[in-house]
Amino acid sequence: ALDKVAPDHKETWFRFWDASRYLSQVACPVLWVNGTTDHFFWLPAWQQSYREIPPDRRTLCLRVNMPHGHPPAG
């Protein structure tokens with residue numbers, strides 16, 4: 001989706017919103033919930049993101065066939 005964004009807007013998005021700028025600074029526990037059929041957070045990107053947080057601060061939950069959204073996560 002970011003390929004369709006104007007270069008100056010893309011730069012702003014990465015500067016302020018890209019998780020890679022913040023995840024390494026997380027100090028609280030984080031629960032990562034994802035589904036195998038979530039077409040917005042594909043598994044390799046999910047893995048890359050959660051690995052930015054120290055293992056003692058992350059808990060993972062991968063649900064088979066769970067689509068994108070908070071209601072399916074329960």
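How many salt bridges does the count come to? The points below take this up along with the rest of the structure.

1. Model and confidence. This is a predicted model. The protein chain averages a pLDDT of 89, and 99% of the residues score at least 70.

2. Overall layout. The protein chain has 3 helices and 2 strands. Read along the sequence, they follow the pattern α-β-α-β-α. The C-alpha atoms fill a box of roughly 35 × 30 × 20 Å, taken along the principal axes. Of the 74 residues, 15% count as buried.

3. Salt bridge. The count comes to 1 salt bridge. Glu11 forms a salt bridge with Arg15, and the closest N and O atoms are 3.1 Å apart. Side chains of opposite charge can pair when their charged atoms come close. Glu11 and Arg15 are separated by about one helical turn, because they are 4 residues apart in helix H1. Arg15 has a relative accessible area of 37% and is therefore partly exposed.

4. Nonpolar surface patch. Trp13, Phe14, Phe16, Trp17 and Tyr22 make a nonpolar surface patch of about 570 Å². Phe14, one of these residues, lies in helix H1 (residues 7-16). Phe14 counts as partly exposed because its relative accessibility is 35%.

5. Where is Ser24 placed? Ser24 is in the loop between H1 and strand E1 (30-35). With a relative accessibility of 48%, Ser24 counts as partly exposed; the cut-off for exposed is over 50%. Ser24 and Thr37 are 13 residues apart along the chain, and their C-alpha atoms are separated by 27 Å.

6. Aromatic pairs. A search of the whole structure finds 3 aromatic pairs. One of them is formed by Trp46 and Tyr50, which are edge-to-face, with 5.2 Å centre to centre and 80° between the planes. Why are Trp46 and Tyr50 separated by about one helical turn? The two are 4 residues apart in helix H2 (residues 43-50), so about one helical turn separates them. Ring pairs also bring in Trp32, linking Trp32, Trp46 and Tyr50 into a cluster.

7. Are Trp46 and Tyr50 buried or exposed? Trp46 counts as buried because its relative accessibility is 11%. Tyr50 has a relative accessibility of 10%, so Tyr50 counts as buried too. Both values are to be read against the cut-off for buried, under 20% relative accessible area.

8. Cysteines. The structure holds 0 disulfides. Cys28 is in no disulfide, and the nearest cysteine sulfur, that of Cys61, is 18 Å away. Cys61 is likewise in no disulfide, its nearest cysteine sulfur being that of Cys28, 18 Å away. Cys28 counts as partly exposed because its relative accessibility is 45%. Cys61, at 27% relative accessibility, also counts as partly exposed.

Notes
Residues are numbered from 1 along each chain as its sequence is written. Side-chain values use heavy atoms; hydrogens and water are left out. pLDDT is the predictor's confidence in each residue, from 0 to 100. Patches are made of residues with over 30% relative accessible area and no salt bridge: like charges are joined within 9 Å, nonpolar side chains (Val, Leu, Ile, Met, Phe, Trp, Tyr) within 5 Å. Accessible areas come from the Shrake-Rupley method with a 1.4 Å probe; for residues, only the protein chains shown count as cover. A salt bridge is a side-chain nitrogen of Lys or Arg within 4 Å of a carboxyl oxygen of Asp or Glu. Buried means under 20% relative accessible area, exposed over 50%, partly exposed in between (1.4 Å probe, protein chains only). Rings of Phe, Tyr and Trp (its six-membered ring) pair if their centres lie within 6.5 Å; planes under 30 degrees apart count as stacked, over 60 as edge-to-face and the rest as tilted. A disulfide is a pair of cysteine sulfur atoms within 2.5 Å.
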